[in-house]
Amino acid sequence: MDAIISSAKEILTGLLSAVGAGFALWGAFDVATGFSQHNAAKQEAGIPKVIGGVAVIAIANALIPKIFEFLKFTT
């Protein structure tokens, strides 16, 4: 049972981190294309995506273990 819970925690953390990385890369791409096209609006739209992606990664790594601990799932 502990192996299943540990595996579920790792999969959930990995999926959320992948989603966050996708958003961060999408934002970085928008910022880079904004610079190359001299388009300030695209740069400004990309920065919140980068910050949001990094925030999702941080939240996934900080909160998922706490949620499993709160729900009394032990590994």
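Visitor: In which helix does Gln43 lie?

Guide: In this predicted model, Gln43 lies in helix α2, and the stretch that α2 covers runs over residues 40–70.

Visitor: What is Gln43 in contact with, once its neighbours within four places in sequence are left aside?

Guide: Contact means heavy atoms within 4.5 Å, and with those neighbours left aside Gln43 is in contact with Asp30, Val31, Gly34 and Phe35. With Gly34 there is also a polar approach, since the backbone oxygen of Gly34 lies 3.2 Å from a polar atom of the side chain of Gln43, and that value falls within the 3.5 Å cut-off for a polar contact.

Visitor: What makes the pair Asp30 and Lys49 a salt bridge?

Guide: The rule asks for a side-chain nitrogen of Lys or Arg within 4 Å of a carboxyl oxygen of Asp or Glu, and the side chains of Asp30 and Lys49 meet at 2.5 Å, N to O, so the pair is called a salt bridge. Asp30 lies in helix α1 and Lys49 in helix α2, so the pair ties together parts that are 19 residues apart in sequence. By this rule the count comes to one salt bridge.

Visitor: How do you know whether Asp30 and Lys49 are buried, exposed or partly exposed?

Guide: Asp30 has a relative accessibility of 8%, which is under the 20% limit, so Asp30 counts as buried. Lys49 has a relative accessible area of 23%, a value between 20% and 50%, and therefore Lys49 is partly exposed.

Visitor: How does the reach of helix α1 compare with what is expected?

Guide: Helix α1, residues 2–37, has 36 residues and reaches 52 Å from its first C-alpha to its last, which is close to the 52 Å expected at 1.5 Å a residue. Among the buried residues of α1 are Ile5, Lys9, Thr13 and Asp30, and what covers the buried residues of this helix includes α2.

Visitor: Why is Ile5 called buried?

Guide: Ile5, whose place is in helix α1, has a relative accessible area of 10%, and because this is under 20%, Ile5 is called buried. Ile5 and Phe68 are 63 residues apart in sequence, yet 8.6 Å apart in space, C-alpha to C-alpha.

Visitor: What makes Ile64 count as buried, and which residues does Ile64 touch?

Guide: Ile64 lies in helix α2 and has 6% relative accessibility, under the 20% limit, so Ile64 counts as buried. Not counting residues up to four places away in sequence, Ile64 touches Lys9, Leu12, Thr13, Leu16 and Ile59.

Visitor: Why is His38 called exposed, and where does His38 lie?

Guide: His38 lies in the loop between α1 and α2, and its relative accessible area of 75% is over 50%, so His38 is called exposed. His38 also takes a positive phi of about 55°, although it is not a glycine.

Visitor: Which residues make the nonpolar surface patch?

Guide: The patch, of about 610 Å², is made by Ile59, Leu63, Ile67, Phe70, Leu71 and Phe73. One of these, Phe70, has its place in helix α2, and with a relative accessible area of 66%, which is over 50%, Phe70 is therefore called exposed.

Definitions and conventions. Residues are numbered from 1 along each chain as its sequence is written. This is a predicted model: local features need pLDDT of at least 70, side-chain atom pairs count only at pLDDT 80 or more; totals for chains, interfaces and linings use all residues. Side-chain values use heavy atoms; hydrogens and water are left out. Helices (H or I, at least four residues) and strands (E, at least two) are DSSP runs, numbered from the N terminus. The expected span of a helix is 1.5 Å times one less than its number of residues. Buried means under 20% relative accessible area, exposed over 50%, partly exposed in between (1.4 Å probe, protein chains only). Patches are made of residues with over 30% relative accessible area and no salt bridge: like charges are joined within 9 Å, nonpolar side chains (Val, Leu, Ile, Met, Phe, Trp, Tyr) within 5 Å. Accessible areas come from the Shrake-Rupley method with a 1.4 Å probe; for residues, only the protein chains shown count as cover. A polar contact is a pair of N or O atoms within 3.5 Å; within protein, one must be able to donate a hydrogen and the other to accept it, and residues adjacent in sequence count only if both atoms are side-chain atoms.
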